[in-house]
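Hello,

Here is the structure you are taking over. Please open it alongside this note.

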Amino acid sequence: MPRKAPPSGTRPGIDVLLHENRVFRPDAAFRRRAHVRDVSVYARARGNPEAFWASCAREVAWFRPWKKVLAWNPPHARWFVGGRLNASFNCLDRHLGTAARNRAAILWEGEPGDERTLTYAQLHRETCRFANVLKELGVGRGDRVTLYMPLIPELAIAMLACARIGAVHSVVFGGFSSEALKERINDAKATVLVTADGGFRRGSEVPLKKFSDEALLGAPSVRHVVVVRRGNFPVQMQEGRDRFWHDLMKDRSAECPPEPMNSEDMLYILYTSGTTGKPKGIVHATGGYMVGVHTTTRWVFDLKPEDVYWCTADIGWVTGHSYVVYGPLSNGATVLMYEGAPDWPDRGRFWQICEKYGVTIFYTAPTAIRAFMRWGGDWPGRYDLSSLRLLGTVGEPINPEAWMWYRKKIGGGRCPIVDTWWQTETGMILITPLPGITPTRPGSATRAFPGVEAEVLDERGRVVKEGGGYLAIRRPWPAMLQTIYGDPDRYVKQYWSKWDAGTYFPGDGARRDRRGDFWLLGRVDDVLNVAGHRIGTMEVESALVDHPAVAEAAVVGKAHDLKGQALAAFVTLKEGIQSDGDLVSQLKGHVVRRIGALARPDDIVFTAELPKTRSGKIMRRLLKDIAEGRALGDTTTLADPAVLQVLKQKYEED
Ligand code: WTA
């Protein structure tokens, strides 16, 4: 089957996957103890998906049962209609009468090595207290609260406190710049911002309060700022607006009844990159989301009370929302959180942490695994990793070499690996092995989670049984996004318009093998996946054009050994501006200020002209060929083919 648009994330070596014959079947001993032991679950769920999801929903605590499992008016789904629940009650209160009460909910380690433990009872108390603080600041049901914080327990507490009183949190990753923060606050019209004096990254300070102050100059909706003292970093507090967390928490009551929320009420907004310059506020509702993350956490990670579970993602990304906070805590698990970088103070830090806390489940991104590989097997080799029993990956396609290395060097050859495919929009894992029953192959995310119907389709929507095409999800799933905040039309257009209104288009290319297993191939649109982070090319282009020297810019992804993809920018300068090395670093700095360090281009090349079609469209495909050092593809539609030759030569010289 010919692929119309070759997926942009495709790396050389992807074809090798076709010949990937190594199979790893679930180990009998693992299977015997697993939550899911019986393959018939797939057939049962397929036979009656709504009955299946209803059985999952019964594992979640409801104040009032739902009347209808699903009301589906494509592309709008309402899950567990009529049901009432509270996400923070599910993560906290429901455990208080059980053995989990005095179990560690959060084992936290700061980058400098400081430690904190919060049991479920303690986490409950802190959450109630902060919920009361929020109420006093005038926050109520449906109000938006922006959280811009390091990976510290207060971030989870603030999220759960919002959920407790029915407020909507919008977490902005601490690596984003003040500009990006401002844009997200304004889109959500948040009234309260919770931040910290700063955070630690590789031993230096990330001045979060300073960035917040800059953002707030242009974000008038915010009336109150709460500042956590993380590192005794100097801050300027604005009288009447800014208060310290510890001052506000003083004498605050530890009782705060959870607000009974409708299943469809908004739980959070999380911004993610799309194909246009403006980030999309992905909206998740309460009931379906909690059912989706509760079930997938239990089944995919085979999570047990005795586990020490570590998902290395920052809470600022969806992986942290679903699989650091809501999924594991609603399961009463012990969650490890580590604030800092994997190579600080040395490249053994992650493995030292695994040994120290006896981590049993470890979930990370392929980009991290590729870095570990490059640093060498000696680092993990120095530590006792025998407590590990299950490994996971998320965020981008994993190359089979990295998968095998992960299995051998980290998993000691005995741990199953779950390669989990999902998105900010899907809220929950949709394609993944179940570790007790699904045979795995290095590089394949295997099959759809029970109750999820995934397919590969061609451009016209015909099913591709074997071969490549576009990934499609054919029926609603509980944790699916509800809409794009403030932009319902874009929700329909972006996700449900490629084929029919009932088929979801995630924007990923995929291949199916003869067994029906999925091999994810990366994005097919203008979204790049740099080190597991989604970055829209348009966002970076807008940031560049925003610089006074720049007339026009085109940004493409190029294959990168560690990061998966890196950014290459082609820039046309305004009349009379001289290009030099100084300007290159200025422009890189400008992108970092506008978006954050994660969007810094690796290469910037100046050009008098960009290759365009006669209708004026920039030919990014050809720029990608140049950036990756390939022979140029079809150039016949170019207005001026000569532009390209000059550019190619220039890029190679640079
Ligand atoms: C990619 C992260 C291949 C994919 C949870 C998707 C993956 C985007 C995998 C979502 C995987 C995620 N194999 N690709 N196991 N998991 N992706 O919204 O391109 O930050 O569309 O959510 O990451 O990124 P997001």
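Below are notes on its cores and its aromatic rings.

This is a predicted model: local features need pLDDT of at least 70, side-chain atom pairs count only at pLDDT 80 or more, and totals for chains, interfaces and linings use all residues. Residues are numbered from 1 along each chain as its sequence is written, and side-chain values use heavy atoms, with hydrogens and water left out.

Cores first. A nonpolar core is a set of buried Ala, Val, Leu, Ile, Met, Phe, Trp, Tyr and Cys residues joined through side-chain atoms within 4.5 Å; buried means under 20% relative accessible area (1.4 Å probe, protein chains only). The largest has 163 residues. Trp53, Phe130, Phe301, Tyr326 and Val571 have the most contacts inside it. Helix H6 (residues 153-165) gives the most, ten residues; helices (H or I, at least four residues) and strands (E, at least two) are DSSP runs numbered from the N terminus. A second, separate core has 33 residues, including Val308 and Ile417.

Now the rings. There are 45 aromatic pairs (Phe, Tyr or six-membered Trp rings with centres within 6.5 Å; planes under 30 degrees apart are stacked, over 60 edge-to-face, the rest tilted). Tyr268 and Tyr289 are edge-to-face, 5.2 Å centre to centre, with 90° between the planes. Tyr268 is in strand E14 and Tyr289 in helix H10, so the pair ties together parts 21 residues apart in sequence. Both Tyr268 and Tyr289 are buried. Tyr323 and Tyr363 also pair edge-to-face, at 6.3 Å and 85°. Tyr323 lies in helix H11 and Tyr363 in strand E18, 40 residues apart.

Best wishes

Key
Buried < 20%, exposed > 50% of the residue type's maximum accessible area, 1.4 Å probe, protein only.
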